[in-house]
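Colleague: Could you walk me through this one? I'd like to talk about confidence before we get into the packing.

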Amino acid sequence: MWLLAMVGVVAVASTVIPQLLARSPQQVPLWIAVTASIVQSGVLLILAVWAGVTFSRPLGLGAPVIEAALSRSGAWLVLRDQIFPAAIVGIASGGVLLVAQRMSPDELLAVGQTITIPLVSKVLYGGIVEEVLVRWGLMTTLIWLPWRLAQKKAGPPQARYVVGAIIFSAVLFGLGHLPAAAAFIAGDLTAPVVAFVIVGNSLPGVMFGYLYWRYGIEAAMVAHAVGHVVFFLATGA
């Protein structure tokens, strides 16, 4: 899982950072900026993968497709059960992106005209990296903590803990996009931009969290990737 996610990290670092440096007055060698970004993301992914692997199984969560592939026990059959719900959520999340684009503040619309992120980078980073970090690592931990401390490991985690973790991790997912928005805008973040970034990313995050809970992390990955593809097919961006 870590190796798969690092492919997405390299894809984004190699395509986005050169564009950011070209707009920055600070002269930072490209190789240093790219390497630092890859190393930082790699460390965060190690923590996220460890948390997911350590905490998911007792909570009834997991990566059933990856587990089936590693055990050679019919990964395709497991993935087949995930495809339909993942496709539905992916199309819905793509619709959210389309609506969000129409309501986007002017500052963010201007960014879209100056920063180009290839579709493959969006799919790899959003579909794998963000899902490993936010759902597999963060959401799993947020469920495990009350299950361990309040529920005392008695039975499966209560639905309120799962729902709370889905919402909280989705909001943090939205908040996590603010530094990138600030870097792209190259200025102060206004209240409309902050609200737009948080809400626009939290709504799909809730849907991805539900998929992870009910079907496995791969369903969330597929849905996230499909959302980007749907948006690209509709807008070409």
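**Confidence and helix packing**

Modeller: This is a predicted model, and in the protein chain the confidence is lowest in helix α5 (residues 106-114), with a mean of 73, and highest in helix α6 (residues 119-149), at 97.

Colleague: And what is the mean pLDDT of the protein chain?

Modeller: The mean pLDDT of the protein chain is 92, and 97% of its residues reach 70 or more.

Colleague: OK, on to packing, then. At what angle do the axes of α2 and α6 cross?

Modeller: The axes of α2 and α6 cross at roughly 45 degrees and come within 8 Å, and the two helices are therefore oblique to each other. As for handedness, α2 passes α6 in a left-handed crossing.

Colleague: Which residues of α2 and α6 meet there?

Modeller: From α2 there are L44, L45, A48, V49, A51, G52, V53, F55, S56, P58 and L59, and these meet V129, V132, L133, W136, G137, T140, T141, I143, W144 and W147 in α6. By residue class, the contact of α2 with α6 divides into 16 nonpolar, 5 polar and no charged.

Colleague: Switching to rings, how many aromatic pairs does a search of the whole structure find?

Modeller: The search finds 4 aromatic pairs. One of them is F55 with W144, whose ring centres are 4.3 Å apart with the planes at 20 degrees, so the pair is stacked. F55 lies in helix α2 (residues 30-59) and W144 in helix α6, 89 residues apart, and the pair thus links distant parts of the chain.

Colleague: Back to α6: how does it sit against α7?

Modeller: The axes of α6 and helix α7 (residues 159-175) come within 9 Å and cross at roughly 140 degrees, which makes α6 oblique to α7. The crossing of α6 and α7 is right-handed. The contact involves E130, V134, R135, L138, M139, L142, I143, P146 and W147 of α6, together with Y161, V162, A165, I166, F168, S169, A170, L172 and F173 of α7.

Colleague: How do the residues of that contact of α6 with α7 divide?

Modeller: They divide into 15 nonpolar, 1 polar and 2 charged.

Colleague: Last one: how far apart are the axes of α4 and α10?

Modeller: The axes of helix α4 (residues 75-102) and helix α10 (residues 217-235) are 7 Å apart, and the helices pack at an angle of about 45 degrees, so α4 and α10 are oblique to each other. Here α4 passes α10 in a right-handed crossing. Among the residues making the contact are A86, G90, G94 and L97 of α4 and A219, A223, G227 and F231 of α10, and the contact as a whole divides into 13 nonpolar, 8 polar and 1 charged.

Key:
Residues numbered from 1 in each chain as written. Predicted model: local features only at pLDDT ≥ 70, side-chain atom pairs only at ≥ 80, totals over all residues. Heavy atoms only, no water. Axes fitted to C-alpha atoms, helices over the stretch in contact; angles between N-to-C directions. Helix = DSSP H or I, 4+ residues; strand = E, 2+ residues; numbered from the N terminus. Parallel < 35°, antiparallel > 145°, perpendicular 65-115°, else oblique. Left-handed = near helix turned anticlockwise from the far one by under 90°. Contact = heavy atoms within 4.5 Å. Nonpolar A, V, L, I, M, F, W, Y, C, P; charged D, E, K, R; others polar. pLDDT = per-residue confidence, 0-100. Phe/Tyr/Trp six-rings, centres within 6.5 Å; stacked < 30°, edge-to-face > 60°.
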